[in-house]
Amino acid sequence: MTARILSIGTALPDTRVEQSTLRDLFAAQPGFDRKSQRLVGAAFDAAAIDTRHVVLPQLAGRAADGLGVRDGDTLLMPPTGARNDEYRRTAPALFAEASRAALAGSGYEADAVTHVVTVSCTGMFAPGPDYHLVRDLGLSPTVERYHLGFIGCAAAIPALRLAARIVGADPAAVVLVACAELCSLHWQTSSHPDQIVAASVFADGAGAAVVASGDSSHDGLDLDDFATHVTDEGEKDMAWTVGDSGFEMTLTPEVPRIIGREISAIAADVVGELDRVDAWAVHPGGRSILDRVENALGLDATALAPSRDVLRRHGNMSSATLLFILRDLLADAARVDGDRIAALAFGPGLTVEAAKVTVRRAAA
């Protein structure tokens, strides 16, 4: 029995902020010389992002309780413990909101869920998000729980792969996959180019999917196959580590270049014949990554429109982002039964995760 995504739900923090507002705030930091300010302007303006959502209203100039990250136009550098406390305070609600939305469209009640798989790399605590979902959604106390942490932007695909494996072994299983990332908690007020690029793209959001055995009565996305590939280069070019003042992102200009050099061979290996792909769900790590993938694979200019649209409206929400793209593809009436989707995501390593997905429409 093929595992199928029956429904996808998403959730965003209440604070929506213009990219230009974040650009001007970041460029105004003490100690940024004219070169750094020009780099901030170039990075933020080239990101192809209009707006982002954040759990920190202060970033939009609004007064708020919780983590203090701003004194006038100066961004503060709270210690990691304080940032993680804010994650613990705000993340469970986003996990729950996205999960409730996914369940509402799945045809299943909360008490039908047999397994929970949670994903995040922007905070950690125990009992963790998986535990809180059981309590917040009223799931059975016997639900099996798994948490995938610190895998980064590519983590939604391993989570869906785990869900597919569970359903493959037990066709009666109903798996709730939930990803939530609060990247804004880890902004670094540094003029280092890596930190400027990271500040220009990352945002907050959550996505969830219900995965179960498919049947002809329900639209969905069949999870046909998965693959993973570690590139020969990139171990030091994309990294995510715990620092004293938040988690620290390394994201060098080599990342899109490595992807551009290697993605053709990887895609042919893990996706198969590219001309048989009807739609693409490519994680928008940034505009330059999408440009490199498009050029390397010789894709039509519209092929990555779903990825570019999510990036434009929401920024890079790390692991949750791919679920936003798959949600839009599932909701697209132009996608007909049997359409083949290739999903690609990139994580530290440099690791490429891939999934082959088929659109299924309910029988008339």
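Mentor: Helix 6 gives the largest share of the lining of the largest cavity, namely three residues. Keep in mind that this is a predicted model. Helix 6 covers residues 193–201, and it is one of three elements that each supply at least two residues of that lining; the others are strand 11 (238–243) and strand 12 (246–251). The largest cavity has a volume of about 210 Å³. Its lining counts 18 residues, and those closest to the centre are Cys-183, Ala-198, Phe-202, Trp-240 and Met-249. By class, the lining of the largest cavity has twelve nonpolar residues, six polar ones and no charged ones.

The count of cavities of 30 Å³ or more comes to three. The second largest cavity holds about 80 Å³. Among the residues that line the second largest cavity are Leu-56, Leu-59, Leu-67, Val-69, Leu-75 and Leu-76, along with Pro-78 and Arg-83. Ser-184, Leu-185, Trp-187 and Thr-189 also belong to the lining of the second largest cavity. That lining divides into nine nonpolar, two polar and one charged residue.

Now to the pockets. Helix 6 turns up again here: along with helix 2 (34–46), helix 7 and helix 8, helix 6 supplies at least two residues of the lining of the largest pocket. The volume of the largest pocket is about 470 Å³. Of its 23 lining residues, Ala-43, Val-197, Pro-253, Pro-256 and Ser-288 are the closest to the centre. The lining of the largest pocket is made up of 13 nonpolar, five polar and five charged residues.

Two of the helices that line the largest pocket, helix 7 and helix 8, also pack against each other. Helix 7 spans residues 254–270 and helix 8 spans residues 287–297; their axes come within 8 Å and cross at roughly 35°. The crossing of helix 7 with helix 8 is right-handed. On the side of helix 7, the contact is made by Val-255, Pro-256, Arg-257, Ile-259, Gly-260, Ile-263, Ser-264 and Ala-267. On the side of helix 8, it is made by Ser-288, Ile-289, Arg-292, Val-293, Ala-296 and Leu-297. The residues of this contact between helix 7 and helix 8 comprise nine nonpolar, three polar and two charged. Pro-256 and Ser-288 take part in this contact, and both are listed among the residues closest to the centre of the largest pocket.

The second largest pocket has a volume of about 200 Å³. Helix 3 (residues 80–104) gives the most to its lining, with five residues. The lining includes Arg-89, Thr-90, Ala-93, Leu-94 and Glu-97, and also Leu-12, Pro-13, Asp-14 and Thr-15. Seven nonpolar, two polar and three charged residues make up the lining of the second largest pocket.

Next, two single residues. Val-175 is part of strand 8 (residues 174–182). Val-175 counts as buried because its relative accessibility is 0%. Leaving out residues up to four places away in sequence, Val-175 touches His-115, Val-117, Ala-163, Ile-166, Val-167, Ala-209, Val-210 and Val-211. Asp-130 sits in helix 4 (residues 129–137). Asp-130 also counts as buried, because its relative accessibility is 11% and the cut-off is under 20%. Apart from neighbours within four places in sequence, Asp-130 is in contact with Val-116, Thr-118, Arg-145 and Tyr-146. Asp-130 and Phe-95 are 35 residues apart in sequence, and their C-alpha atoms are 9.0 Å apart in space.

Finally, the backbone. Most peptide bonds are trans, and most residues other than glycine have a negative phi. Ala-126 and Pro-127 are joined by a cis peptide bond, with omega about -5°. Pro-127 lies in the loop between strand 6 (115–120) and helix 4. Another cis peptide bond joins Gly-349 and Leu-350, with omega about 0°. Leu-350 is in the loop between strand 14 (340–347) and strand 15 (351–360). As for phi, Ala-48 has a positive value, near 60°, and is found in the loop between helix 2 and strand 3 (51–54). The phi of Phe-150 is also positive, near 65°, and Phe-150 lies in the loop between strand 7 (144–149) and helix 5 (156–169). Ala-48 is partly exposed, at a relative accessible area of 32%, and Phe-150 is partly exposed at 29%.

Note on methods:
Residues numbered from 1 in each chain as written. Predicted model: local features only at pLDDT ≥ 70, side-chain atom pairs only at ≥ 80, totals over all residues. Heavy atoms only, no water. Helix = DSSP H or I, 4+ residues; strand = E, 2+ residues; numbered from the N terminus. Buried < 20%, exposed > 50% of the residue type's maximum accessible area, 1.4 Å probe, protein only. Contact = heavy atoms within 4.5 Å. 1 Å grid on protein atoms, 1.4 Å probe; cavity = no way out; pocket = protein on both sides within 12 Å on 5 of 7 lines; lining within 4 Å. Points joined across faces, edges and corners; volume = space filled by probe spheres on them. Nonpolar A, V, L, I, M, F, W, Y, C, P; charged D, E, K, R; others polar. Axes fitted to C-alpha atoms, helices over the stretch in contact; angles between N-to-C directions. Left-handed = near helix turned anticlockwise from the far one by under 90°.
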